[in-house]
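This report describes selected contacts and strand pairings of the structure shown below.

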Amino acid sequence: MGSDSPSLASGTSRVSSALAARAARSSLTHCAHCAHRVRRAHRAHRAGLGVALVAALALALLARPAAAQQCRVVELHLTPTAGLQIVAWLEDAQGAYVATTYVTHAVGMYGIGNRPGIVEFNSGPRWPYGRRETTFPVWAHRHGQSFPAVVFQNSSDTTERDLSHPFGESSLESHFCRPLKSNEPGWDTGTCASTVYTDKGSLSETRTSRYPPRSDVARLNNDHVSVAKFRQVNPFDTISRATPAGGVPATLRWTMPQNLPAGNYVMWVEVSKEFDHNSSYTDAMRPPPAVAYGDYGEPYRGQPSVLYRVPLSIGQTQTAAQTDSYFGYGDPDGLDGLISPPDATISTTVAGSGAARLALVPEGGGYRVRVVARPEMDSVAPGTPAAASVTSVANGSLTFTFEAPGEDGATGRVTEYEIRIRAGEPINESNFESSMPVSVSVEPDEPGQQQTVTLSGLLPETHYYVAVRAYDDCRNASPLLLVDAETTGRQAGEVDACFVATAAYGTKLANEVEMLRHFRDAMLSRTVLGQLAVTAYYTFGPTVAGVVGESELLRTTARTALEPVVRRVGGLSQ
C-alpha cells in the first residue's frame, strides 16, 4: 500500500523524480551497445470508411545498429504452469537491489498493480479495474521506487468502489474487457464480446503506489491529462514480456550492462496466480466486496505469491545454479515486503498451485528455477525477417507470416522479436521506438521457417502499419520488416449486448443498460413481436453501436433518444 503525500507540489515532484530515476536506470536494463527502447503511444488515425481490404508489404533494408562484440547474458530456465504472473530481479550479495530482469506484461505494461479501483474487487478474464497489490509484494518493496497512484477521474471513497463509471470519463479500451460473470461465454475464452470503454484514471496528487501505471495507452479526448504521463513514469515496460505459455519450458534472457561488476549475486523469482485457493486460503476468507455489481467476477485472492532464490556468481566464464524448492511466500494482502518461510499453508503437491506453480524439471538433479550466467561473443547482427505475407484480415484483427531470419546473419536462431504497430502512418527507424508495442509472443524458429503473427483488438476500417525486428542475445538488432494492411468494415451479427445502449452509456454496467437488458430478456422475448424486435436489434445493433460509440455527438443523441424508453421500462419493471 502506498503512503500519502501532502501537496500537489510533492505529487509533481514524484513524477519528475520517477522520470529522472528512469533515465538513471537505463544502463541497468539494456546492453550498452543497444538503443534505448522507450514505449510511447501510437497515433490513432482513422482511415476512410471504405470496407475493401488494402494490403501492402514492404521490406526495409535499413542501416543496422552497431553490433556488440561481447556481452554477458543471464538466462532463467523454468517451466511455468498456466495463468501465472512472474517477476525476476537481481540483488547483490549484501541484498541491495540491482535490476529487474523480467516482468510479465500484466504488471510491466498493463499496470494491474496500479490502476483505478479497490484491491478487493473481484477478478476475471482481462478484468479492467482494481489494484492487484498482492501480485508481487516482495518485488514491489525491494525495487525502492514509488509512483503516483492511479485513481478514477471522479475519485472518492465511494467511486473507487464502483465498477461503473461515466462515459464522459471513459475511452476506447485496447486490452481489457468489461467485467464478466463466470457463466458468460467470454469467461472461458478470455475474449471481449464487443467494444469496451474504460476510465483510464488519473495520477493522484496525494497517494502513491509501489507498482507502475500502465504504459500501453495513448491519451484520448475523455482521458485525464495525466494519462499522457503514464508511460513516462513506468521504467519497467522496456523489460516487460508476454507471460510464458503454461506447460512449455521457457528461457527468460537478460543482457547484463557492461558496467555490472563481477561477483556474487542472488536472482529472485516471484510468482503469483489468481484464484489459487486451498484449505488455508479459501475464497470465503477474502469474499467479494459489498459493492454494486459485486456478483460480477469471482474472488481471486487465494494463496500468496511464492518466491524462489538462486545465489549465483557472475564473471567472465559461464556459471550455473538452480533450486528445486520455494524460499518462502509474500504477504497475502500485499501490505509489506516480508518473506514468510515455507509452511503447511502453501500447497506443495498440487501441480500449478502454490509452490508447484513452476513445474519440477528432472534434468540436472531437478530444478524449478535454473540460472545460467555466461559471456556471449557476437559481432554479427541478425538477418532481416523476410517474405512477409498478409494471410487474414478482419474488422478487428489481422494475421501475417514471415520467414525467420538467422541470429548471425543467415545462421542460428534469433533470441526474440519485437513487434510494434502504428495506425495511419508508416513505421520507420525514426519512429519505431515511439510506435505502440504489441504483447503477442512469437517463439523464434530456425532460419527460413515460417512465423505467424495475429494481432487482435484493432479498430475496423483502419490502415495499420506493423514493424518486426529480431534480436540476438546481445540485443543486436536486425533491420525492420514492414507490413501494412487495412482492417475490414464492421460486420452485422449476434453479439451478447444491449449494443446501442451500451455505446450510448459507455458501459454495460450502467443502470440504464442493466434495466434495458432485463426488459429485453424478461418481457420482449415472450412475445412474437418482441422476439422480432430483439432479432432485428441483434442483427443491426453491433454496427450501429460501433458508430455511436465513436462519436460524442451520436452518444449524446442516443442517450436522449433512449431516455423516454428507459423511463417507460422503469415504470413497467416496478
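In this report, a residue is buried when its relative accessible area is under 20%, exposed when over 50%, and partly exposed in between, using a 1.4 Å probe and protein chains only. The model is predicted: local features need pLDDT of at least 70, side-chain atom pairs count only at pLDDT 80 or more, and totals for chains, interfaces and linings use all residues. Residues are numbered from 1 along each chain as its sequence is written, and side-chain values use heavy atoms, with hydrogens and water left out.

**Disulfide**

Cys71 and Cys474 are both buried. The two are joined by a disulfide (a pair of cysteine sulfur atoms within 2.5 Å), with an S to S distance of 1.9 Å. By this criterion the count is one disulfide. The link of Cys71 and Cys474 is left-handed, with -90° about the S-S bond. Because Cys71 belongs to strand 2 (residues 70–78) and Cys474 to the loop between strand 23 (463–471) and strand 24 (481–486), the pair ties together parts that are 403 residues apart in sequence. Here helices (H or I, at least four residues) and strands (E, at least two) are DSSP runs, numbered from the N terminus.

**Aromatic contacts**

Rings of Phe, Tyr and Trp (its six-membered ring) pair if their centres lie within 6.5 Å; planes under 30 degrees apart count as stacked, over 60 as edge-to-face and the rest as tilted. The structure holds 12 aromatic pairs. One of them is the tilted pair of Trp187 and Phe275, at 6.4 Å centre to centre and 55° between the planes. This pair links distant parts of the chain, 88 residues apart: Trp187 is in helix 4 (residues 185–189), and Phe275 is in the loop between strand 11 (263–273) and strand 12 (306–314). Trp187 counts as buried at 17% relative accessibility, whereas Phe275 is partly exposed at 33%. One aromatic cluster is formed by Phe136, Trp139, Phe147, Tyr211 and Phe236.

A charge sits over a ring if NZ of Lys or CZ of Arg is within 6 Å of the ring centre and within 35 degrees of the ring normal. Phe432 takes part in the following contacts.

| Charged residue | Ring | Distance to ring centre |
|---|---|---|
| Arg420 | Phe432 | 5.4 Å |
| Arg469 | Phe432 | 5.1 Å |

**Sheet**

Two strands pair if DSSP finds at least two bridges between them. An open sheet has three strands in the order 16-17-22, with antiparallel pairing. Strand 16 (386–393) and strand 22 (450–456) stand at the edges, each with a single partner strand, so one side of each has no neighbour in the sheet. Strand 17 (residues 397–403) is joined to strand 22 by seven bridges, and Ser397 stands opposite Ser456 in strand 22.
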